[in-house]
Amino acid sequence: MHVCVIGGSRYFGRLLISHLLDAGATVTVLNRGSVPPPPGVTHLLADRDDETALRAALAGRHFDVVIDQVCYTPRQAALATRVFADHTDRYVMTSTVEVYADLGRPGGPLLPESALDLTSHPIDLELPWHEPQFLESHYGEGKRQAEAVLLRDAAFPVATVRTAHVLGGTDFTGRLAHYLDRITAGRPVTVHPDPQAASFVHAPDIARFLAWTSTATFTGPINASSQGTLTAAELSTLIADITGSPTPTLHPTSTSTATATATATTEPPSPFSFDRAYPMDTRRARDLGFTFAPLTTWLPQTIRESTQR
């Protein structure tokens, strides 16, 4: 099998490539070259936003599957539908749980893939997707529209992997470190007044799942999440218990009315603190033959490993 990974040089992308190589796949990595790819792969240099450069890099090549780790906007998705039309038999886009954010509500239920219907979702290619600040503030919407473009317009079969919040491994985001630094130092953690449950997945598990999708034949969206959910308050308590730190002080944001005994703060909420719940239902993955590990089996060890870095 010949697999092309777009991006893939950081975080769980490197784990994904290791899984593919261990399974005997021929792997091509396509990126701008800002981070060297792992050994054992063919490296194509191109900016995925540059159609001319992409076509030149792909000339004469064909892949059994493309795994796109860095598709954030409908423009990028539309370009992919054009450029890869004659270069792949299957396309897997790494998406996000944030596509469900607008469906969330306090105490909201597990959401199956069918909860989000993208068949008529509006697509706007003219929005300033190229502006980093706009893209960051419209992350979920960018992924929604990117999924919609690929699922509607691609000439090849498409699967979109809606990934929960990833923890573990060589996490460059600093989100778990934010909690560890504050809690072990006895500093307060800023959360929403009523932080809601969120879905998480272990970095090795999502890498294994994406490698599994390369040999699967299903199409359409699929949720990728560990079993179980956690609120920012519960995560804070777990970290304190594992690190032997005092019970963490939780400060609510001042965007909503604080409790009578709490001191509101103007700081933004901590990562993984949400005012609405949109946890994911993973029955489709299970029915197709993949079972994600329960959150309780890997998160405590991930926290311990993070304290040692």
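1. The structure holds 13 aromatic pairs, a pair being two rings of Phe, Tyr or Trp (its six-membered ring) with centres within 6.5 Å, called stacked if the planes are under 30 degrees apart, edge-to-face if over 60 and tilted for the rest. One of them joins Phe84 and Tyr91, whose ring centres are 5.7 Å apart and whose planes meet at 65 degrees, so the pair is edge-to-face. This is a predicted model, in which local features need pLDDT of at least 70 and side-chain atom pairs count only at pLDDT 80 or more, while totals for chains, interfaces and linings use all residues. Residues are numbered from 1 along each chain as its sequence is written, and side-chain values use heavy atoms, with hydrogens and water left out.

2. Phe84 is buried, with a relative accessible area of 1%, and Tyr91 is buried with a value of 0%; buried means under 20% relative accessible area, exposed over 50% and partly exposed in between, using a 1.4 Å probe and protein chains only. Tyr91 also pairs with Phe156, with ring centres 5.3 Å apart and planes at 20 degrees, so this pair is stacked. Because Tyr91 lies in strand S5 (residues 91–96) and Phe156 in the loop between helix H5 (139–153) and strand S6 (158–163), the pair ties together parts that are 65 residues apart in sequence. Phe156, like Tyr91, is buried.

3. A single aromatic cluster is formed by Phe209, Trp212, Phe218, Phe290 and Phe292. Over the ring of Phe218 sits the charged end of Arg90, 5.1 Å from the ring centre; the criterion is that NZ of Lys or CZ of Arg be within 6 Å of the ring centre and within 35 degrees of the ring normal.

4. The protein has 10 helices and 12 strands, taken as DSSP runs (helices H or I, at least four residues; strands E, at least two) and numbered from the N terminus. Of its 309 residues, 51% count as buried. Along the principal axes, the C-alpha trace spans about 65 × 40 × 40 Å.

5. For helix H10 (residues 295–307), 13 residues at 1.5 Å each should span 18 Å, and the end C-alpha atoms are 18 Å apart, which agrees; the expected span is 1.5 Å times one less than the number of residues. Buried residues in H10 are Leu295, Trp298, Leu299, Pro300, Thr302, Ile303 and Ser306. Their cover includes strand S7 (165–167), helix H6 (175–184), strand S9 (198–202), strand S11 (229–230) and helix H8 (232–243), where contact means heavy atoms within 4.5 Å.
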